[in-house]
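The sequence and structure are shown first.

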Amino acid sequence: MQTNEASRESEIKQVIRSLCMMNNRFMNFMLDDNKEAAQVFLHVILGDDKIKVRNVRIQSFIQNIYGHSSQLDILAQDSKGRYFNVEVQRSDEGAPARRARFYSSILDTHFLQPGKLYEELPDTYVIFITENDVLRDNLPLYNIRRRIDENAKCFEDGSHIIYVNSQRRDDTALGKLMQDLYCTEPKNLHYHEFAERMEFLKYSKEGEEKMTDVIEEYAAKKAEAVAKEAAREAVKEKNIEFAKGLLADGMSIEFTVRHSKLSEAEVRELASKLTA
C-alpha cells in the first residue's frame, strides 16, 4: 500500500515538473495575482515597458444575458484603465478570427457601465498566444487593427487584437519570452519574474496542493485513456474469437481477413495455432 502511494506521489511530482506555461492551467497559476509576471508579457508583446499592471485575474467569467458568455483565461488591468485579455491556445481551432472578435466585443459590453459615455469605453487588448502560426505568414507577432480602406488610416476605436506565434523562439525579447513559455525548469527561464512562482508551484508542498485541479485533470485524462485502451482490447478479443470461429468452419484466410477486421498476419497466426 505504501509502495503504491509513494509511486502515485512520484508520478504526480513528475507531471507537475513537466508542465510549462503553454499548458493553459499552469499559465493561469503562474499569472494569478502575479502583477510582475503579467507586466513582462505586456511589456514584451506590446513593446511598452511603461505599462503598470494594477490587477490580474484568472478564469474571469463574463456573463452575457443576451447570448454566449465567456470565461477569459487571464484578465489584467493597467494604471490607465486599459484591459488586457491573454489567451493561450494550443489548438488552431481555439483561435479563430471570430473568437477574437467576440472576446473583444464582450469586453466592451462588460466594461462600459450604464450611464457612461462611449468616449469612456476603455481600450481593450485581446492577445492570443498560439502554439502554431495560425495566421500562416511566419511572423512572430500580428497586430490587428481596424482601418479605413480608402486611405489606409487606422480607425482608432481603442480595440486591439494581437496574435503571438510561439513557434518563433529566437534571441529577441519576444523570442526569449516564447522560449520561457515552453521552459519546465525555473533555473532555465530568461525572465526572473517567472522563476520564483514556478519554483513555488513545482518544488513546494504548498504549490503542489495549489495545483490540485491540474492533477485531477491529469488523473481524469489518464483514466479516460485506460478506459479507451480497455475498450480497444475488448473489441480486439471479440474479433479474434470471431476469426477463430470462421477458420474452424473452414473459411479461407482471405475471407476471414475481410470479415474479422484482423490483419492477414494475425489471421495466419491464428490459423497456424488451430492446425498445430
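In this predicted model, serine 159 touches Ser104, Thr124, Arg145 and Arg146, when residues up to four places away in sequence are left out. Serine 159 belongs to strand β6, which covers residues 159–165. With a relative accessible area of 11%, serine 159 is buried, because the limit for that class is under 20%.

**Serine 159 and its polar partners**

The side chain of serine 159 takes part in a polar contact of 2.9 Å with the side chain of arginine 146. A polar contact of 3.0 Å joins the side chain of serine 159 to that of aspartate 157. These two partners also meet each other: the side chains of arginine 146 and aspartate 157 form a salt bridge with an N to O distance of 2.4 Å. Arginine 146 and aspartate 157 both lie in the loop between β5 and β6, 11 residues apart. Arginine 146 is partly exposed, at a relative accessible area of 48%, and aspartate 157 is likewise partly exposed, at 31%.

**Salt bridges**

Side chains of opposite charge can pair when their charged atoms come close. The model has 13 salt bridges in total. Three of them, including the pair just described, are listed below.

| Pair | N to O distance |
|---|---|
| Glutamate 131 and arginine 90 | 2.6 Å |
| Arginine 146 and aspartate 157 | 2.4 Å |
| Glutamate 208 and lysine 205 | 3.7 Å |

Arginine 90 is partly exposed, with a relative accessible area of 39%.

The pair of glutamate 208 and lysine 205 lies within one helix. Both residues belong to helix α7 (residues 205–210), and their spacing of 3 residues separates them by about one helical turn. An α-helix has 3.6 residues a turn, so residues three or four places apart point the same way. Glutamate 208 counts as buried at 12% relative accessibility, whereas lysine 205 counts as partly exposed at 47%. Salt bridges with shared partners join Lys13, Lys205 and Glu208 into one network.

**Aromatic pairs**

How many aromatic pairs does the structure hold? There are 7 aromatic pairs. In one of them, the ring centres of tyrosine 83 and phenylalanine 111 are 3.7 Å apart and the planes are at 15 degrees, so the pair is stacked; the limit for this class is under 30 degrees. Tyrosine 83 counts as buried at 13% relative accessibility, and phenylalanine 111 counts as buried at 14%.

Stacked or edge-to-face: how are the rings of tyrosine 103 and phenylalanine 128 arranged? Their centres are 6.2 Å apart and their planes are at 85 degrees, so the pair is edge-to-face, a class that requires over 60 degrees. This pair links distant parts of the chain, with tyrosine 103 in helix α4 and phenylalanine 128 in strand β4, 25 residues apart. Tyrosine 103 is buried at 5% relative accessibility, and phenylalanine 128 is buried with a relative accessible area of 1%. Tyr103 and Phe128 also belong to one aromatic cluster with Phe102 and Tyr163.

A charged group lies over a ring elsewhere in the model: arginine 169 sits over the face of tyrosine 182, at 4.1 Å from the ring centre.

**Helix α3**

Helix α3 comprises 12 residues (residues 35–46), which should span 16 Å at 1.5 Å a residue; the C-alpha atoms at its ends are 16 Å apart, in agreement with that value. The expected span is 1.5 Å times one less than the number of residues. The buried residues of α3 are Ala37, Ala38, Gln39, Val40, Phe41, Leu42, Val44 and Ile45.

Technical notes:
Residues are numbered from 1 along each chain as its sequence is written. This is a predicted model: local features need pLDDT of at least 70, side-chain atom pairs count only at pLDDT 80 or more; totals for chains, interfaces and linings use all residues. Side-chain values use heavy atoms; hydrogens and water are left out. Helices (H or I, at least four residues) and strands (E, at least two) are DSSP runs, numbered from the N terminus. Buried means under 20% relative accessible area, exposed over 50%, partly exposed in between (1.4 Å probe, protein chains only). A polar contact is a pair of N or O atoms within 3.5 Å; within protein, one must be able to donate a hydrogen and the other to accept it, and residues adjacent in sequence count only if both atoms are side-chain atoms. Contact means heavy atoms within 4.5 Å. A salt bridge is a side-chain nitrogen of Lys or Arg within 4 Å of a carboxyl oxygen of Asp or Glu. Rings of Phe, Tyr and Trp (its six-membered ring) pair if their centres lie within 6.5 Å; planes under 30 degrees apart count as stacked, over 60 as edge-to-face and the rest as tilted. A charge sits over a ring if NZ of Lys or CZ of Arg is within 6 Å of the ring centre and within 35 degrees of the ring normal.
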